[in-house]
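Here are my notes on this model, as numbered points. Please read them with the structure open.

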Amino acid sequence: MRLRFLVSLLAGIALASSLHAQELAKIKGVVELFTSQGCASCPPADAAFEKLIRQGDVVALAYHVDYWNYLGWNDTMGSKENTARQYAYARTLGRSGVYTPQAIINGRDHLNGANLDAINLKIDDFQRQGKGLTVPVNAAMKGDELEIKIGAGQGRANVVVAYFDKEQQVSPKAGENNGQQITYLHAVSDIETVGMWDGKGMNIVLPANVMDKAGRRGLAVLLQSSTPSGDPAAIIGATVLTIGTDG
């Protein structure tokens, strides 16, 4: 993850596709699913994750890990960076290990990623407890620019951008899911910190061509605090932006 402050106007390639952003009022929380194409327990969680996205009221991101590759199938979306993020959450949550499918809710707690009812209940509980998304965040494409607007609030946090592919279909040819055809949504391919928020409203401008890399058809902006060691912690604001006519 590299720090990147870009606030001046930079040339980029205009995106002709229509863009769709979830309204802040509709977004209740953030769910980060740690999954793997080589994990026999993961397809039910991947299916639940799709339903979560279709709800339209959650920022949902899937991180494919690489530690199940030894079972015979190398996850085509897996990366050591995704695995490192999961272990960082384990440290934040005081856990000694990780598992799949694991869903991290608002950076504050974890659940089995296949339990959709429990995930939604946890999101609602956090809202009632004041641990939901309390800071308005918006992202929109304007010509050659990606503009991120963050409102005022309490505390300090990193402005984190996670880039993802909207949808891919994969048919593992080996391992525990051999022969299945599985649809994967919102698989994160890259994540970076683009600024720091100190409680005051702010704007950050990125060039539109940050979306030009292969597989990037959407992005999420997370306003995320961190532990003293730099591990990810509570998420207090978020939005998501996807490219295409199907939302």
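Helices and strands here are DSSP runs, numbered from the N terminus; a helix has at least four residues and a strand at least two. By that rule His186 falls in strand β9, residues 182-197. Keep in mind that this is a predicted model.

1. **His186 in β9.** Start with the backbone. His186 has a positive phi, near 55 degrees, and is not a glycine. Most residues other than glycine have a negative phi, and most peptide bonds are trans. His186 sits within a strand, β9. Is His186 buried or exposed? His186 has a relative accessible area of 10%. The cut-off for buried is under 20%, so His186 counts as buried.

2. Where is Asn106 found? Its place is the loop between β4 and β5 (109-112). These two strands form a hairpin with 3 residues between them, and Asn106 is in the turn. Asn106 is buried, because its relative accessibility is 0%. The strands β4 and β5 run antiparallel and are joined by 4 bridges.

3. **The cis peptide bond.** Look at the bond between Thr100 and Pro101. This peptide bond is cis, with omega about -5 degrees. Pro101 lies in the loop that runs between α2 (80-92) and β4 (102-105).

4. **Lys28 and Asp124.** How many salt bridges does the structure hold? The count is 8. In one of them Lys28 pairs with Asp124, and the closest N and O atoms are 2.9 Å apart. Lys28 comes from the loop between β1 (19-21) and β2 (29-35), while Asp124 belongs to helix α3 (residues 116-128), so this pair ties together parts that are 96 residues apart in sequence. Asp124 is partly exposed, at 24% relative accessibility.

5. **Arg91 and Asp231.** Which residue does Arg91 form a salt bridge with? The partner is Asp231, with the closest N and O atoms 2.9 Å apart. This pair links distant parts of the chain, 140 residues apart: Arg91 is in helix α2, and Asp231 is in the loop between β11 (218-226) and β12 (232-243). The two ends have opposite labels. Arg91 is exposed, because its relative accessibility is 52% and the cut-off is over 50%. Asp231 is buried, with a relative accessible area of 10%.

6. **Arg128 and Asp125.** This salt bridge is local. The side chains of Arg128 and Asp125 meet at 2.3 Å, N to O. Both residues are in helix α3; they are 3 residues apart, so about one helical turn separates them. Arg128 is exposed, with a relative accessible area of 62%. Asp125 counts as partly exposed, at 22% relative accessibility.

7. **The largest nonpolar core.** Which residues have the most contacts inside the largest nonpolar core? They are Leu146, Ile148, Ile150, Trp197 and Leu223, in a core of 25 residues. The elements giving two or more residues to this core are β6 (137-142), β7 (145-150), β8 (157-170), β9, β10 (202-207), β11 and β12. With 4 residues, β8 gives the most.

8. **Ile148 up close.** Setting aside neighbours within four places in sequence, Ile148 is in contact with Asn138, Ala139, Val161, Val194, Met202, Asn203, Ile204, Leu206 and Val221.

9. **The second core.** A separate nonpolar core has 20 residues. Among them are Ile27, Val59, Tyr89 and Ile191.

Terms used
Residues numbered from 1 in each chain as written. Predicted model: local features only at pLDDT ≥ 70, side-chain atom pairs only at ≥ 80, totals over all residues. Heavy atoms only, no water. Buried < 20%, exposed > 50% of the residue type's maximum accessible area, 1.4 Å probe, protein only. Pairing = 2+ DSSP bridges. Salt bridge = Lys/Arg side-chain N within 4 Å of Asp/Glu carboxyl O. Core = buried A, V, L, I, M, F, W, Y, C linked by side-chain atoms within 4.5 Å. Contact = heavy atoms within 4.5 Å.
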